[in-house]
Every structure is written in C-alpha cells, then in structure tokens.
Amino acid sequence: MLQIKRYNIPVEAALEVIGGKWKVVILCHLILGTRRTNQLKKLMPGITQKMLTQQLRELESDGVIERKVYNQVPPMVEYTLTEYGSSLKDILDSLCKWGENHIVKVHGINHDLLEESILNH
C-alpha cells in the first residue's frame, strides 16, 4: 500500500523539492536556457562536482529538470527545465527580487552593481 506523505503546510512540499543551498541557484541558471554540467559548475564556483551531481539528480527525479545525454566521446550532458519546472519561474523571479532588495538594505549596495538577474530575461 502506498503511503501518502502528510504536510503541515504546502510550503513544506515545495521546500522538499527546491530546498537547500544550491537547487534554487541551479534552477535560476536553467531558466535562462539549457546548460551543460560544466557550464553550471562554472556559474557556481562554490559548489563541488559531487554536490552539483546530487542536486541535479534530485531535481530530475522530482520532474523539475530534464537530463539529455548525447552519444559522443566524451559524453555531453545537458540539463533543461521541464514544463513543470518552468512553472517555478514566477517564484524564482520573486526570490531574486527579494534578494536584490535584501542586499541593498543590509549591505547598501546598489542592485545595478549586482550580476544580471533572471528578472531581466
């Protein structure tokens, strides 16, 4: 018999899929388009290869991203958002905007000095 997981509030279910330090960052990069593993690694210099692989596998398992492997030597792997994953765009845009405002509030840095955000795409 399949056990149905219970949540106290719906945000628990959302955080189960996108929670953690790196998943939202990965999703923000994939909103801009398909990326190869090495591109994602370069965009996130603080992540280890092991952690990147783990996070990508979890996002794929949850149906948020799609992994495409090209049959070539060396193998090339690309990741893209699924239609389901694309439904997170408004949430990610809001998080990005909030983060920009937080940086300005706490650090006094003008948001124009920040790297380009997904809000501009």
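**Entry 1**

I began with the strands and found an open sheet of three, in the order 1-3-2, with antiparallel pairing. Strand 1 (35-36) and strand 2 (65-70) are at the edges with a single partner strand each, so one side of each has no neighbour in the sheet. The model is a predicted one: local features need pLDDT of at least 70 and side-chain atom pairs count only at pLDDT 80 or more, while totals for chains, interfaces and linings use all residues. Residues are numbered from 1 along each chain as its sequence is written, and side-chain values use heavy atoms, with hydrogens and water left out.

I noted the terms as I went. Helices (H or I, at least four residues) and strands (E, at least two) are DSSP runs, numbered from the N terminus. Two strands pair if DSSP finds at least two bridges between them.

**Entry 1: the pairings**

I looked up strand 1 and strand 3 (residues 76-81), which pair in the antiparallel sense over two bridges. In strand 3, Y79 is the bridge partner of R35. Helix 2 (residues 23-31) packs on the sheet and touches strand 1, strand 2 and strand 3. The direction of helix 2 makes about 90 degrees with that of strand 3; axes are lines fitted to C-alpha atoms, for helices over the stretch in contact, and angles run from 0 to 180 degrees between N-to-C directions.

Strand 2 and strand 3 pair over six bridges, also in the antiparallel sense. V69 has V77 as its bridge partner in strand 3. Five residues lie between strand 2 and strand 3 in the hairpin that they form.

**Entry 2: helix 4**

I checked the length of helix 4 next. At 1.5 Å a residue its 13 residues should span 18 Å, and its end C-alpha atoms are 18 Å apart, which agrees. The expected span is 1.5 Å times one less than the number of residues.

Which residues of helix 4 are buried? I found L52, Q55, L56 and L59. Buried means under 20% relative accessible area, exposed over 50%, and partly exposed in between (1.4 Å probe, protein chains only). The face turned away from the buried side carries the exposed residues K50, R57 and S61.

I also looked at what covers the buried residues of helix 4, which includes helix 1 (10-18), helix 2, helix 3 (37-43), strand 2 and strand 3. Just after helix 4, G63 takes a positive phi of about 80 degrees.

I picked Q55, which lies in helix 4 (residues 49-61). Its relative accessible area is 6%, so Q55 is buried. Leaving aside neighbours within four places in sequence, Q55 is in contact (heavy atoms within 4.5 Å) with W22, K23 and I26.

**Entry 3: the whole chain and its confidence**

I counted six helices and three strands in the protein, in the pattern α-α-β-α-α-β-β-α-α along the sequence. Of the 121 residues, 28% count as buried.

The average pLDDT, the predictor's confidence in each residue from 0 to 100, is 89, and 90% of the residues score at least 70. Over residues 117-121 the pLDDT is below 50, and beyond near neighbours in sequence this stretch has 16 contacts in the model. Where pLDDT is low, the predicted coordinates should not be read in detail.
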